[in-house]
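Please look over the sequence and the model shown here before reading on. The report that follows goes through the fold, the packing and some details of the backbone.

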Amino acid sequence: MIDVYGIGTANGQKAAIMLEETACDYEIHFVDMFKGEHLAEPFLSLNPIGKIPAKVDRNGEGGKSVTVLETLAIALYLCDKTGHMIPKDARGRAEAWEWACVAATDLSPVLSIQFQLTR
């Protein structure tokens, strides 16, 4: 079981979509950022920089818990863990990682700005 800590932001939704796409069992835990829960214990013990989302894989490698923060790192972890959505060959992996980086760093701000300009 994977515990996901977040809120319905774009990054929180990306993490949830990746969990669905990789067919992982998960449970979502709401972090109320308006109440400052992301800046208080116990959340800071999961993510010391206080950003959402964060996830804890209770059954990581060797049966040990694995905590991962940052949306792209969570996505890559899930791909590695499950073998889903990431090609086996180096060229295919590089292309998949390129597009993952575009989505994580460039695409969301561009779409946000475009949405604001068309409103």
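How many bridges join strand β1 to β3, and do the two strands run parallel or antiparallel? In this predicted model, strand β1, which covers residues 2–6, is joined to β3 by four bridges, and the two run antiparallel.

## Overall layout

The protein chain contains four helices and four strands, and, when read along the sequence, these elements follow the pattern β-α-β-α-β-β-α-α. Of the 119 residues in the protein chain, 30% are buried. Among the contacts in the protein chain with a separation of 6 or more, 48% are between residues 24 or more positions apart.

The accessible surface of the protein chain amounts to about 7,800 Å², and carbon and sulfur atoms account for 59% of that surface.

## The sheet

The four strands make up an open sheet with mixed pairing, in the order β2-β1-β3-β4. Strands β2 (26–30) and β4 stand at the edges with a single partner strand each, so one side of each has no neighbour in the sheet. On average, and with direction ignored, neighbouring strands of this sheet are turned by 20° against each other.

## Helices and nonpolar cores

Helix α1 (residues 10–21) lies across β1 and β2, and runs at about 170° to β2. Helix α3 (residues 71–82) also packs on the sheet, where it touches β1, β3 and β4, and its direction makes about 140° with that of β4.

The largest nonpolar core has 13 residues, of which Ile2, Met18, Leu19, Cys24, Ile74 and Leu78 touch the most other members. At least two residues of this core come from each of β1, α1 and α3, and α3 supplies the largest share, with five residues. If neighbours within four places in sequence are left aside, Leu78 is in contact with Ile2, Met18, Leu19, Thr22, Cys24 and Gly83. Another core, of seven residues, lies apart from the largest one, and its members include Ile7, Leu46, Ala54 and Val56.

## Cysteines

With a disulfide taken as a pair of cysteine sulfur atoms within 2.5 Å, the count comes to zero disulfides. Cys79 is in no disulfide, and the nearest cysteine sulfur, that of Cys24, is 9.4 Å away.

How does the exposure of two of the cysteines compare with the cut-offs, under 20% for buried and over 50% for exposed? Cys79 has a relative accessibility of 7% and therefore counts as buried, whereas Cys101, at 35% relative accessibility, counts as partly exposed.

Asn47 is found in the loop between α2 (43–46) and β3, and counts as buried because its relative accessibility is 0%. Not counting residues up to four places away in sequence, Asn47 touches Pro53, Ala54 and Leu69. The C-alpha atoms of Asn47 and Thr67 are separated by 8.4 Å, although the two residues are 20 residues apart along the chain.

Pro53, one of the residues that Asn47 touches, lies in the loop between α2 and β3, and a cis peptide bond with omega of about 5° joins Ile52 to Pro53.

## Other backbone details

The peptide bond from Glu41 to Pro42 is cis as well, with omega near 10°, and Pro42 has its place in the loop between β2 and α2.

Ala23, in the loop between α1 and β2, has a positive phi, near 60°, in a residue other than glycine, and is exposed, with a relative accessible area of 63%. Glu70, in the loop between β4 and α3, has a positive phi near 75°, and is partly exposed, with a relative accessible area of 32%.

How values were computed. Residues numbered from 1 in each chain as written. Predicted model: local features only at pLDDT ≥ 70, side-chain atom pairs only at ≥ 80, totals over all residues. Heavy atoms only, no water. Pairing = 2+ DSSP bridges. Axes fitted to C-alpha atoms, helices over the stretch in contact; angles between N-to-C directions. Contact = heavy atoms within 4.5 Å. Core = buried A, V, L, I, M, F, W, Y, C linked by side-chain atoms within 4.5 Å. Buried < 20%, exposed > 50% of the residue type's maximum accessible area, 1.4 Å probe, protein only. Areas by Shrake-Rupley, 256 points an atom, 1.4 Å probe, with all protein chains shown as cover.
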